[in-house]
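Here is a friendly walk through one model, written for someone who likes to keep the structure open while reading. Please have your viewer ready.

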Amino acid sequence: MKKKNESAIFFSRLWKFFASIRLTVVLLLSLAVTSIIGTLIPQNQSPADYFHNYGEFFYNFFSALNIFDMYHSWWFQVLLLMLTINVIVCSLNRLSTTWKMVFIKIPRFNVSKFRKLSNKEEFTSNRPLEDLRNKYKQAASKKYGYYRAEQTDKGFCIFAEKGRWTRLGVYTVHLSVILLLLGGLIGSIFGFEGFVNISEGETVNSIRLRKTGQTHNLDFEIRCDDFSVSFYETGAPKEFRSTLSIIEDGKFVLKEDIIVNDPLRYKGINLFQANYGMLPPEEITLNIMSRETGMVYKKKTKIGQPVELSEGVGTFVVKDYRNSFNYKGINLDETFIGVLNRKDGNSINIMLPLNFVSFDNMRKGDLIFSVADYDNRYYTGLQVTCDPGVLVVYSGFAVMIIGCFVTFFMSHQRLCIEVIKIGSKTKVMVAGTANKNKLGMQTIVKNFSQNLAKL
Amino acid sequence: MNSSNLLSVVTFVYGFAAILYIAAWIFKKTFPGLLATWTALLGAVGNAAGIIMRWVESYTLGIGHAPLSNMYESLVFFSCTIVVIYLVIERTYKNRIIGAFVMPLVFLAIAYASLSPNINDRIQPLIPALKSNWLIAHVVTCFLGYAAFAIAFGISLMYLLARRKKKGKGYLLSQFPGPAFLDNLTHQMVTFGFLFLSIGIITGAVWANSAWGSYWSWDPKETWSLITWFIYATLLHARLMRGWNGKRVAYVSIIGFMAVLFTYFGVNLLPGLHSYG
Ligand code: HEM
């Protein structure tokens, strides 16, 4: 018996703790302040980089606190979890009261309360009571969803209201926060994020996961049929486009072009254009010019395949291809590296940068080499994601926008028109309240009263 | 005249309007106030015209896109939204002193865009990542939010000044609107800003998801917009707490605007995906 009591007390204390708005403010501020850390310290870099940048002591200290992946650290997750519990408990705590108020059959009004309001207008009229009653009823019904008239000792009262349901807006905002956190949780448990590079013409059926670096097999195959890149005149990239085919169980399923901002979605898996690169060319056509005679001849070759030079000078072989090549501190970009082997045993390295065709001219050799043509093949870099939580998150987005709009810009307005007969005249009072935007309600009451006075 | 020249002229128009608002406040005269309103309106019209011209110019250059793609363009849009929202407030509440606190901010924003050597005012082609209809929705909603927060910031400053009136007498403060009015107006601006900041973050998330497959990646700019959002959520709740009077709420509003500024300018010093404001 005693034990049960104790746990009940403990539970009610816990409930109280989580029902407090003070806790909300503390949690929101803590989230704001701690989130700053992760923007100052780059996240998810390699341990070696951190060690180098922060030294041993801070490296160990930050590692212990998970600062290098802080948004997924236990303590940040605890803050989010507490916020979730806080918002649920707090909302449940108030919901029953609000619910009763919103779904009441016959709303209660109290004239004396309206009389005490500061937001009140009064005027007198010479019209007969019955006349006013019909006119005012009409006016109230035009502006308010609910209205009713009541007989009083000296006259009548009209009560009107609208937007009672808007009191639920704040609960939908809080619901949306829960949906977002829930969607994020679903995504982190059941989703994955990875990448894959596919050469033109190649087919793959697995990707590499970003977090762990492990291989992840897909239920289907992706083939890259084509990749192209276009540039603006300024040299800035204009468009990256990959043509992808999906193949399942050896059967072709579909073919689609993807560009940045327009991914391919198949079976819950999304393929995004992320980056691209050049593959080492296979077919190369060399231009070989004799300095003495100016004679030019062309030779087709492949990497590693020696070319017999005319007049028995020797052989030339293209050894290597580099995406960037540094020559005396200048980056020559895409470059072939070849070796000229002379009959006399002399051999010399020759650079053939694709962007500087006459580069070899500077060597002042008797033969000038350059690249006339080569097949350029690309690989496309795809970001591959799967996130079953997205739908929940998106519904959270929609609910949040609607909820905020209702909460901020709509209100529960209550209005009372009291008409009393005093001698041959009638005295009219118009008073109103709203649960939000009290300044706005003042204007509404004023305008409504002026309208009534004109009737 | 091209759009950049027009917008440079607008910068001076706004500067003049700011001086007029301050003069109207200090000298308690109606005429400079009236002139200030018309100058601000003229500035807003020129500002909007500049934005539209720039849009057209980008099409004549063959790289047509909405003028919301870099720091310069977003600052120009930012100043235009602040002025429009401010003028609506001025008309609604028939009060020009707020202008003395808001118009200098507008002037600073557009002057920084037009005159700072760090900011490029050339029309540039869109890089592939920015080619999306979400760009417009995202930038417009974010900047509506930021504009509202900027005005809330100005009004919060006034609130703190007005509160001091009780102790000193202050000739300058004598015509201030009452603290309750200012507090209410701050709250209105913050709610407006909060709604649009929320939509801005949401459109950004949806865009990120359609461009590179994850709606949230804790990129510094994203994170800072979330920090800003947390701060204003704190403000909305702090008002409901007993003991938190308008003064503390005004401080939170000022801190919130500092976070906005950092999200906007400071984050560019940190590494991340966003290439513009
Ligand atoms: C990120 C999370 C949250 C967001 C975005 C949020 C948003 C809001 C908004 C927009 C309002 C309306 C404020 C106004 O009317 O001016 C509100 C009110 C409120 N919030 Fe939250 N909230 C959050 C978390 C919480 C939490 C954790 C609690 C738990 C105690 C809470 C309790 C309340 C209460 C009690 C109200 C007042 C409701 C009323 O006016 O009757 N909120 N919230």
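## Domains of chain B

Domain bounds here come from an automatic or database domain assignment. For chain B, that assignment gives domain 1 (1-126) and domain 2 (134-277). Before going further, please note that this is a predicted model, in which local features need pLDDT of at least 70 and side-chain atom pairs count only at pLDDT 80 or more, while totals for chains, interfaces and linings use all residues. Residues are numbered from 1 along each chain as its sequence is written, chains are lettered from A and ligands numbered from 1 in the order in which they are written, and side-chain values use heavy atoms, with hydrogens and water left out.

How far apart do the C-alpha centres of domain 1 and domain 2 of chain B lie? They are 20 Å apart. Contact (heavy atoms within 4.5 Å) joins 26 residues of domain 1 of chain B to 33 residues of domain 2 of chain B. Buried area is the accessible area, taken with a 1.4 Å probe, that two parts lose on being put together, summed over both. Between domain 1 and domain 2 of chain B this comes to about 2,700 Å², with carbon and sulfur atoms giving 82% of it. On the domain 1 side, B:L68, B:F78 and B:F101 supply 20% of the area buried against domain 2 of chain B, more than any other three residues. A salt bridge is a side-chain nitrogen of Lys or Arg within 4 Å of a carboxyl oxygen of Asp or Glu, and the count between domain 1 and domain 2 of chain B is zero.

## Where chain A meets chain B

The contact between the two chains takes 45 residues from chain A and 47 residues from chain B. About 4,000 Å² is buried between chain A and chain B, and carbon and sulfur atoms give 73% of that area. In chain A, the residues that lose the most area to chain B are A:T39, A:N261 and A:F408, together 16% of what that side buries. How many salt bridges are counted between chain A and chain B? The count is zero.

Donors are N, O and S atoms within 2.8 Å of the metal (3.2 Å for Na, K and Ca); water is not among the atoms, so sites may look incomplete. The protein donors of this iron atom are A:H174 (NE2) and B:H237 (NE2), which lie 1.9 to 2.0 Å from it. This pair crosses between chains: A:H174 sits in helix 7 (residues 169-190) of chain A, and B:H237 in helix 7 (residues 220-238) of chain B. Helices (H or I, at least four residues) and strands (E, at least two) are DSSP runs, numbered from the N terminus.

Buried means under 20% relative accessible area, exposed over 50%, and partly exposed in between (1.4 Å probe, protein chains only). Both A:H174 and B:H237 are buried. The iron site has six donor atoms with angles of 87 to 179 degrees among them, and is octahedral. Six donors count as octahedral if opposite donors are over 155 degrees apart and all others between 65 and 115. Ideal angles for six octahedral donors are 90 or 180 degrees.

## Salt bridges

Over all chains, the structure holds 20 salt bridges. One of them joins B:E73 to B:R54, with the closest N and O atoms 2.8 Å apart. B:E73 lies in helix 3 (residues 71-93) of chain B and B:R54 in helix 2 (residues 30-60) of chain B, so the pair ties together parts that are 19 residues apart in sequence. Both B:E73 and B:R54 are buried.

Another salt bridge joins B:E90 and B:R96 (3.2 Å, N to O). Here B:E90 is buried, with a relative accessible area of 8%, while B:R96 is partly exposed at 27%. In chain A, A:R223 forms a salt bridge with A:D225, the closest N and O atoms being 2.7 Å apart. A:R223 counts as partly exposed at 26% relative accessibility, and A:D225 counts as partly exposed at 25%. A:E161, A:R164 and A:R414 are linked in a network of salt bridges.

Methods. Tetrahedral: all angles 85-135°; square planar, octahedral: opposite > 155°, others 65-115°.
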